[in-house]
Amino acid sequence: MAIDRIEADVVVLVGGPAGLAAALAAAGAGARTIILEREERLGGILKQCVHDGFGLRRFGEALTGTEYALRFSALIPGSGVETMTGAFVHEVARDEERGIYRLVAISAERGIFAIETASIVVATGCRERSDRQILIHGDRPAGVFTAGLAQRLVNVEGLLPGKKALILGSGDIGLIMARRLLLEGMEIEGVYEVKAEASGLARNIAQCLVDFGIPLHLSTTVTEIHGGRRVESVTIAKVDERGSPISGSERRVACDTLILSVGLIPENEILQSLGLPLDPATRGPRVDQSGWAGLPGLFACGNAVHVNDLVDDVSDSGEIAGAAAARFAREEHHALPAGHDARVPLKAGPGLLYAVPQLIDPRQKGKVDIHFRTNATIREGARVLLKSGDRVVAERRFIALRPPEAESLSFDPTLLGEVQALVLELDRQAGAGGAA
Amino acid sequence: MTIERFRKEVADRGLSDVEASEWRGSIRLEGQVASWSDYVELGRLAVKIGTRGVVNDLEVSGPEGCDLAHEDPLAAMGHLEEGGELEGLSFDVAIVGGGVIGSAVARELSKWSISTILLEKEEDVATHASGRNDGMIHDGFAAKPGSLKAAYNVRGNRLWEPLAADLGIEFARPGSLILFHAPAAKALYPVLASRASENGVDGWELWSRSRVLAEEPKVTSDQHGGFFLPSAGCLSPYKATVALAESALANGVRISLDTIVTGLETEDSRLRRVRTNRGSFAVKALVNAAGIWADVVAGMANDRFFSLHPRRGVDMILDRASGALQRHIMAMPSLLQGREVTKGGGLVKTIEGNILVGPTAREAPGREDYSTSQAELRELDRHFRLNRALSPSMLITYFAGVRACTWEEDFIVGPSASVLNLVHAAGIQSPGLASAPAIAHDVAASVLAILERTMKVSPNSRFVAKRRPVPELARLPLEERAAWIGRDKAYARIVCRCEEVSEGEIRAALRPRPAASLPPSVVGPASPEGGAFTEARLHASSLDAVKRRTRAGMGRCHGGFCTPRVMETIAEELGLPLTAITKKGPGSQLVAGETKAPAAIHLAAILPAAIPPSAERAAEEE
């Protein structure tokens, strides 16, 4: 079928905080850049985030998410970036012979159309884990919402999810929604957390729960939802150290709404359709420090790579990937860069949930930030070491490490010399020595 | 077994408060037992007496306490409105139950010039067993030879393919592969083949270990060949039910949703009137297709010669990406355990490409208890190992369905022995979906025989077999998709990103074209084959009804992203406020009201929309 064909150097999927930054960086480097955004407006999930705390590092101000998105999208006109909103990517295919990607997309404005591009930046963000993915049982009545869905209903649609809510998950979205729903007149039964400590930032515990008298119940989870048509109550239970419900500790709590803030899953179906395996630890692609995701001209950034805590980090990774994508598009041969196998793997050692990037290209100039999370809370202090064999390439001391808060370690890969593999190691013994 | 022997066996179990008596040619159990397992055990034991049916009216005391015999379907339907729409009307036939059976019977009857009404107590068809199964169209191998199940299954399996084509729904025959778990199982091939032959199954093959591996590269290495049944098929059970109901609607059947039967009036062994929450009306014949409540409806007609007990099944739904990892339906039952071969669950590849893991089978008291439990989910773990590429991280969700089981474990299909104008389609559990077209054929024939005693019945000359479905754009070639978008740009606006469902599809599913305002058959443009087809839509009004028709919200984010947009589309199409939109009909409102600033500050509105290229150029020129 003959369909409209558009040519580009860099196509950015989609227009949230990572994609906006990527597109601006790519266009700034001279690439013909298109943002394909599935929603009607740019900004991604930030549009519904009316609480503040965004952009402290980048703008030096505590902006709302909406304002942060507005600051970025205001830079689009005149930047050279072409935005296509309400545009859905139906298919992405690699044309190896021509060294390009062919996207088939659909929008009300253009119908079905194709874009041929040298580079793609995947900035598709993440989705929320739902009730059954954390093994909550019972029937499926109305009144069960993920926190993001509840946030959109309240902040964008002006709709109140229910009268009395129980919130499962003390991640930042859960805490923020507890306060938001209370301010809108809902009764908040409490915030429940399966882990032994809260998952959100300390400032959110204080500002969202403590200041409003909302109780936080640790080591407790929801095991069952009751009600056929609308939620009538839920069963909660204490959990043991492994997170399994303790038999006999069950208690029924009346509520008509259950809000779930129980984790985010990077959305990488497009990468998977290109045959790329995902890192089981992050559920994102394996990337190098430029966001290169394993195929020529294919880059990824933001929450599609790993779930970030701060939007500033998301935008930073977008800028890096956008610039790299533009650089790639400028190169004459759109194949793997010569000597791509010079990249060395970076592995997360015991005690670490993951470390990103998973590959280091020693030829790329500039400081690299390795983002990592521990898989348990460390209160006594620890040292994190980047090692090549027995050689310590970089290290950093921490007073404490908590899984909900990603940390980073910087190093300069051009100083690596000859390395085969890198390992990020957690040294808990070092804790006693104090922190720097 | 004699009834005396049965009584002795009951006494041997120390169950003193149980009485067994003959009743309407059946055996009836009354009294009390202390546990649900006793209830089930005695129901099964009573079958051995060999009467027409077993009516198990035992009450279960204790923590599992329940009294199925006296359960009232109205009890859970407090949200239903009273109305008078049906008061004083008269129909030739009333069908109780809008599942796949009731809907298929309605369509069969619409081929005749008679007046038919289909009554469904929920806000949509296919909300219970018909919407809560894996969509497999069984080959007929597993059914007990000589049973109604076996006969109807094989007939139904053949009928579905042309029927699905007429209804405009997808149907495929991936075939079912029963894997051998031990080398010795291969020796059972003659036994398996003889059973397949006895049931009249359309084809079977013995596959070697290497053949299995060639056909299913991701199969467990712990397999020793298999028994392959190529006729096993699959379709979407809820789309099929909606399609049958819509085809019936288009051909003149009245469908009354949110309508529950509250009583039946009998006179001289004939049903005269049907009482509902929407008024009472006269009938010449009644079809009992009431699913898990069919014994209660039979009771209302004084024809309760059987009783039903619920058996819950749980299925896991895996991400649609899982479909690329498997070609056939696969299971590995324990063929060597000497028990009767049961299906026992496995991996079913659905028509949409998801893999379903399950189902379980658990006797449990609730007729409409769709709650799941961790123990049931754990039972399904063993199926994962059949396909090495599958992992529990692919789980989207899981759901429960309830099988309507007679104690005889067979269907009851045909005219009542005592009520002259009542036809039963009861005890329709698995393979009920596969059997539905054949059951509907026979039930309709019984109804016609009843009607012909008092009236002349002629064919409906305006019956149109073909139905045009709501298009599923993601599954169409790009040319056809572009044509739909050319007609309406709403087909280019994707609402459900996981299943790639457009706003146009949702609108099409929501636009009722009531038969009242149109000729009995809405004749559309000629189909490629040259015939006419119908386009009537059964009124969909809930989020779940939209989901059943379009799959919006059925994907991996499970409605996390699309719910607000689907709500908005429903509200616009039906002219309702957003606060009135329900998940599954009255009483299941999705939201409680508006926020404090009712004219919501649409924060999104302050963000710039797409900047058209022309505007961008203008900006550059400045």
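# Close-up views of a predicted two-chain model

**View 1. Helices α1 and α2 of chain B pack against each other.** Helix α1 (residues 3–12) of chain B and helix α2 (residues 36–47) of chain B pack at an angle of about 155°, with their axes 10 Å apart. That angle makes α1(B) roughly antiparallel to α2(B), because angles over 145 degrees count as roughly antiparallel, under 35 as roughly parallel, 65 to 115 as roughly perpendicular and the rest as oblique. The crossing of the two helices is right-handed. On the α1(B) side the contact is made by Phe6(B), Glu9(B) and Val10(B), and on the α2(B) side by Leu42(B), Leu45(B) and Ala46(B). Sorted by class, this contact of α1(B) with α2(B) has five nonpolar, no polar and one charged residues.

A few notes for reading this and the other views. This is a predicted model, in which local features need pLDDT of at least 70 and side-chain atom pairs count only at pLDDT 80 or more, while totals for chains, interfaces and linings use all residues. Residues are numbered from 1 along each chain as its sequence is written, chains are lettered from A and ligands numbered from 1 in the order in which they are written, and side-chain values use heavy atoms, with hydrogens and water left out. Helices (H or I, at least four residues) and strands (E, at least two) are DSSP runs numbered from the N terminus. Axes are lines fitted to C-alpha atoms, for helices over the stretch in contact, with angles from 0 to 180 degrees between N-to-C directions. A crossing is left-handed if the near helix is turned anticlockwise from the far one by less than a right angle, and right-handed if clockwise. Contact means heavy atoms within 4.5 Å. Ala, Val, Leu, Ile, Met, Phe, Trp, Tyr, Cys and Pro count as nonpolar, Asp, Glu, Lys and Arg as charged, and the others, Gly among them, as polar.

**View 2. Helices α13 and α14 of chain B cross at roughly 110°.** The axes of α13 (residues 503–510) and α14 (residues 543–550) of chain B come within 10 Å. The crossing angle makes α13(B) roughly perpendicular to α14(B), and the crossing is right-handed. Look for Glu505(B), Ile506(B), Ala509(B) and Leu510(B) in α13(B), which meet Val546(B), Arg549(B) and Thr550(B) in α14(B). The residues of the contact of α13(B) with α14(B) divide into four nonpolar, one polar and two charged.

**View 3. Helices α4 and α7 of chain B meet in a left-handed crossing.** Here α4 (residues 148–167) and α7 (residues 237–250) of chain B have axes that come within 10 Å and cross at roughly 65°. Trp160(B), Leu163(B) and Leu167(B) of α4(B) make the contact with Ala240(B), Ala243(B), Leu244(B) and Ser247(B) of α7(B). The contact of α4(B) with α7(B) has six nonpolar, one polar and no charged residues.

**View 4. A parallel sheet of chain A has a helix lying across it.** This open sheet of five strands has the order β11-β19-β13-β14-β15 (chain A). Two strands pair if DSSP finds at least two bridges between them. The edge strands, β11 (144–146) and β15 (216–217) of chain A, each pair on one side only. Five bridges join β13 (residues 164–168) to β14 (residues 187–192) of chain A, and Leu168(A) has Tyr192(A) as its bridge partner in β14(A). Helix α5 (residues 172–183) of chain A lies across β13, β14 and β19 (257–260) of chain A, running at about 170° to β14(A).

**View 5. Another open sheet of chain A has mixed pairing.** Its five strands have the order β24-β22-β29-β26-β27 (chain A), with β24 (359–360) and β27 (391–398) of chain A at the edges. Strand β22 (residues 344–348) of chain A runs antiparallel to β24(A), joined by two bridges. Val344(A) has Ile360(A) as its bridge partner in β24(A).

View 6. Strands β18 (residues 346–349) and β19 (residues 355–358) of chain B pair in the antiparallel sense over four bridges. Lys349(B) stands opposite Ile355(B) in β19(B).

**View 7. Two cis peptide bonds are shown here, one from Leu13(A) to Val14(A) and one from Ser430(B) to Pro431(B).** For the bond in chain A, omega is about 10°, and Val14(A) is in the loop between β1 (4–13) and α1 (17–28) of chain A. For the bond in chain B, omega is about 5°, and Pro431(B) is found in the loop between β23 (422–426) and α11 (432–452) of chain B.
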